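Subject: Structure handover

Hello,

Here is the structure for you to take over. My notes on what turned up follow below it.

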Amino acid sequence: QVQLVESGGGLVQAGGSLSLSCTASGRFSKINAMGWYRQAPGKQRELVATVTTGGRTNYADSLKGRFTISRVNAKNTVYLQMNSLKPEDTSVYYCYARIDVIGSYDYWGQGTQVNVSS
């Protein structure tokens, strides 16, 4: 069984920084893309950023320059550094990974809450 376990998040004042991490565990042959999505109350889940095994990144346009995604393949871990946080960044942040088990499947973490106070 594949699991994605997130850590980080919490409460921060506007302008502050937070970092998230997510580690994949279980039986699988390969992790393809990893990334982060977020969902605020009453809104749809939206892309934050993704990163391929080779390190190619993709960001939501509105977050470029403030958020940085990275991964350490040997640790099956993806990170998200969030700087200059704004109240509108308040959301539940979900880790995502496309993982080869038998076939390729999308997996999600349980979500971690990020609250940015004004």
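**Strand pairing around S8**

S3 and S8 run antiparallel and are joined by six bridges. Within that pairing, Leu18 has Met82 of S8 as its bridge partner. Keep in mind that this is a predicted model.

S7 also pairs with S8. Those two strands run antiparallel, again with six bridges. Ser70 sits opposite Tyr79 of S8.

A general point first. Most residues other than glycine have a negative phi. Two residues here go the other way.

Asn76 is one. Its phi is positive, about 55 degrees, and it is not a glycine. Asn76 lies in the loop between S7 and S8 (77-82). The hairpin of S7 and S8 has four residues between the strands. Asn76 is at 26% relative accessibility, so it counts as partly exposed.

Ser84 is the other. It is not a glycine either, yet its phi is about 50 degrees. Ser84 belongs to the loop between S8 and S9 (91-100). Its relative accessibility is 41%, so Ser84 counts as partly exposed.

**The core**

The largest nonpolar core holds 28 residues. Trp36, Leu80, Met82 and Tyr93 have the most contacts inside it. The elements that each give two or more residues to this core are S3 (18-25), S4 (30-39), S5 (46-51), S7, S8, S9 and S11 (112-117).

What does Leu80 touch, leaving aside neighbours within four places in sequence? The contacts are Leu18, Ser19, Leu20, Trp36, Val48, Phe67, Thr68, Ile69 and Tyr93.

**Arg66**

Is Arg66 buried or exposed? Buried: its relative accessibility is 12%, and the cut-off for buried is under 20%. Arg66 is in the loop between S6 (57-59) and S7 (67-72).

Which side chain makes a polar contact with that of Arg66? It is Asp89, at 2.8 Å. Not counting residues up to four places away in sequence, Arg66 touches Gln81, Met82, Asn83, Ser84, Leu85, Lys86 and Asp89.

Best wishes

Technical notes:
Residues are numbered from 1 along each chain as its sequence is written. This is a predicted model: local features need pLDDT of at least 70, side-chain atom pairs count only at pLDDT 80 or more; totals for chains, interfaces and linings use all residues. Side-chain values use heavy atoms; hydrogens and water are left out. Buried means under 20% relative accessible area, exposed over 50%, partly exposed in between (1.4 Å probe, protein chains only). A polar contact is a pair of N or O atoms within 3.5 Å; within protein, one must be able to donate a hydrogen and the other to accept it, and residues adjacent in sequence count only if both atoms are side-chain atoms. Contact means heavy atoms within 4.5 Å. A nonpolar core is a set of buried Ala, Val, Leu, Ile, Met, Phe, Trp, Tyr and Cys residues joined through side-chain atoms within 4.5 Å. Two strands pair if DSSP finds at least two bridges between them.
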